[in-house]
Amino acid sequence: MHPALPEQTLPQMLREQARTRPDAIAIRQKDYGIWRPVRWADYHRRARHVGLGLRALGLADGGHVGVISENRIEWVLAQMGAGLVGAVTVGVYPTSPTPEVAYVLAHADIEVVICEDQEQTDKVLAALPELPRLKRIVVCEKKGLRNTPEEHRERVIAFDEMEALGAAQESAQGAFIDVVLERQTLGDLALMIYTSGSTGKPKGAMLSYANLRGVVPGIVERLGLDAHTTHLSYLPLCHVAEQMLTTFVPLYLGSTVNFGESIRTVQEDLREVAPTMFLGVPRIW
């Protein structure tokens, strides 16, 4: 049996993991064939900067942040950064065509959207007439940004530039995060996860931090997980199954998540990482 989980939200747990085990590896991100480790202290620090950066871009109190990307460290930095400033994350499948992207972003009242690359950015730009609440577009991979139409360039910013903007706000605005975490409760809204829309328009399931915490004990017990568990994250993070093993469980246990370069490199990534746990779906098997 595992001890009872702390009565803390995911952002509060990120702060706690950074405090109690700052040098342990939280994430490994594969870039250009090299696995780059990120410690819990760095995860927390960067998430703070991302959260403050989102605020600097105009994200309101309790605002909604969209993410359209394959699994990568920027996904969880955006999610945790949003949580640290009291905002809510909404994932969009990167395989979605423009009309579906437009529907979810509009229905969820997205104010800032994180896009993986030019392909995803172009979908959002094409949908702008349907997105009156959208203030800024943040792009993880800067390649292709120079091709952004002139009339939209002020609306688009690179992820690393937003993170740097937040870092510059740390001394003046950093205390804001501490205030948010002090008042944050398990009853607060954490995520909106949209259904596939197979029986009509997609519906947004509103998940509280209590919902997220509530599933962790069963997963941990059934799968025999602990702080030494390692996981390869590659299934869509806009689905609750991957969220459980990439954010919910690791933030409570302090275990390690690995992000490969792409869903197309899963077999190679598995050989290199040799995770202790692997979540698969039929097409992967």
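Buried here means under 20% relative accessible area, exposed means over 50%, and partly exposed is in between (1.4 Å probe, protein chains only). This is a predicted model, where local features need pLDDT of at least 70, side-chain atom pairs count only at pLDDT 80 or more, and totals for chains, interfaces and linings use all residues. Residues are numbered from 1 along each chain as its sequence is written, and side-chain values use heavy atoms, leaving out hydrogens and water.

Let's start with the rings. Rings of Phe, Tyr and Trp (its six-membered ring) pair if their centres lie within 6.5 Å; planes under 30 degrees apart are stacked, over 60 edge-to-face, and the rest tilted. That rule gives three aromatic pairs. Two of them look like this:

| Pair | Centres | Planes | Type |
|---|---|---|---|
| Tyr234 and Phe278 | 5.4 Å | 10° | stacked |
| Phe278 and Trp285 | 5.6 Å | 80° | edge-to-face |

Together, ring pairs tie Tyr234, Phe278 and Trp285 into a cluster. Tyr234 is buried at 7% relative accessible area, Phe278 is partly exposed at 24%, and Trp285 is exposed at 68%. Tyr234 sits in the loop between strand E10 (230-233) and helix H8 (240-253), while Phe278 lies 44 residues away in the segment after helix H9 (266-273). Helices (H or I, at least four residues) and strands (E, at least two) are DSSP runs, numbered from the N terminus.

Now for H9 itself. Its buried residues are Val266, Asp269 and Val273. On the other side of H9, Gln267 and Arg271 are exposed.
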